[in-house]
Amino acid sequence: QVQLAESGGGLVQAGGSLRLSCAASGRTFSINAMGWFRQAPGNEREFVAAITRIGGSTSYADSVKGRFTISRDDAKNTVYLQMNSLKPEDTAVYFCAARLFGSSRYDYWGQGTQVTVSS
C-alpha cells in the first residue's frame with residue numbers, strides 16, 4: 001500500500017505562484033512514477049505533469065508547459081509541482097498519484113488540494 005498526502009494549495013491572484021507537495025509513505029519502493037492531475041468543477045480529471053523514478057523523465061500537459069515544473073526529493077519521498085504565472089483557468093482540485101512498477105495506470109491517489117486563482 002502507498003499513501004499520498006498533498007499540501008500547498010490555496011488562493012492566489014492571477015500571475016502568482018504556488019508550490020504543491022505530495023508526500024508518499026508506505027511501500028514507496030514500489031513506485032515507478034508520480035503524477036499530478038487536476039479537476040475543475042464540471043470537468044473531467046485531467047493530466048498535468050508526471051515524473052519517473054528512474055531517470056527523472058518529466059512530461060507536461062500542453063496547457064501548463066513553460067509555467068509548471070514537477071520535481072522530486074527522493075530522500076523525502078516527496079514530489080513537488082511548482083506553478084508559476086497562474087491563470088484563473090488553473091483553478092481546480094489538484095491530485096497527486098502514484099504508478100507502480102509493472103502497472104499501466106495510476107494505482108494510488110491523494111485526497112486532493114484546492115487551488116483557486118482569482119482574476
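This is a predicted model: local features need pLDDT of at least 70, side-chain atom pairs count only at pLDDT 80 or more; totals for chains, interfaces and linings use all residues.
**Group meeting: a disulfide, a sheet and an aromatic cluster**

Let me begin with cysteine 22 and cysteine 96, which form a disulfide with their sulfur atoms 2.0 Å apart, a disulfide being a pair of cysteine sulfur atoms within 2.5 Å. Residues are numbered from 1 along each chain as its sequence is written, and side-chain values use heavy atoms, with hydrogens and water left out.

By this rule the count comes to one disulfide. The link of cysteine 22 and cysteine 96 is right-handed, with 50 degrees about the S-S bond. Cysteine 22 lies in strand S3 and cysteine 96 in strand S9, so the pair ties together parts that are 74 residues apart in sequence; strands here are DSSP runs of E with at least two residues, numbered from the N terminus. Both cysteine 22 and cysteine 96 are buried, where buried means under 20% relative accessible area, exposed over 50%, and partly exposed in between, using a 1.4 Å probe and protein chains only.

Strand S3 takes us to the sheet. Which order do its strands follow? The open sheet of four strands runs S1-S3-S8-S7, with antiparallel pairing, and two strands pair if DSSP finds at least two bridges between them. At the edges are strand S1 (2-7) and strand S7 (68-73), each of which pairs on one side only. On average, and with direction ignored, neighbouring strands of this sheet are turned by 15 degrees against each other, the axes being lines fitted to C-alpha atoms and the angles running from 0 to 180 degrees between N-to-C directions. S1 and strand S3 (residues 18-26) run antiparallel and are joined by six bridges, and serine 7 stands opposite serine 21 in S3.

Now to the aromatic residues, of which the structure holds four pairs; rings of Phe, Tyr and Trp (its six-membered ring) pair if their centres lie within 6.5 Å, and planes under 30 degrees apart count as stacked, over 60 as edge-to-face and the rest as tilted. The rings of phenylalanine 37 and phenylalanine 47 have centres 5.7 Å apart and planes at 75 degrees, so this pair is edge-to-face. Phenylalanine 37 is in strand S4 (residues 31-39) and phenylalanine 47 in strand S5 (residues 46-52), ten residues apart. Phenylalanine 37 counts as buried because its relative accessibility is 10%, whereas phenylalanine 47, with a relative accessible area of 30%, is partly exposed.

Phenylalanine 37 also pairs with tyrosine 106, with ring centres 5.1 Å apart and planes at 80 degrees, so that pair is edge-to-face. Tyrosine 106 lies in the loop between strand S9 (92-100) and strand S10 (108-109), and phenylalanine 37 in strand S4, so the pair ties together parts that are 69 residues apart in sequence. Phe37, Phe47, Tyr106 and Trp109 form one aromatic cluster.

What sits over the ring of tryptophan 109? The charged end of arginine 45 does, 4.6 Å from its centre, and the charged end of arginine 45 also sits over the ring of phenylalanine 95, 4.0 Å from its centre. The criterion is that NZ of Lys or CZ of Arg is within 6 Å of the ring centre and within 35 degrees of the ring normal.

I will finish with aspartate 90, which lies in the loop between strand S8 (78-83) and S9. Aspartate 90 counts as buried because its relative accessibility is 1%. The side chain of aspartate 90 makes a polar contact with the side chain of arginine 38 (2.9 Å), a polar contact being a pair of N or O atoms within 3.5 Å where, within protein, one must be able to donate a hydrogen and the other to accept it, and residues adjacent in sequence count only if both atoms are side-chain atoms.
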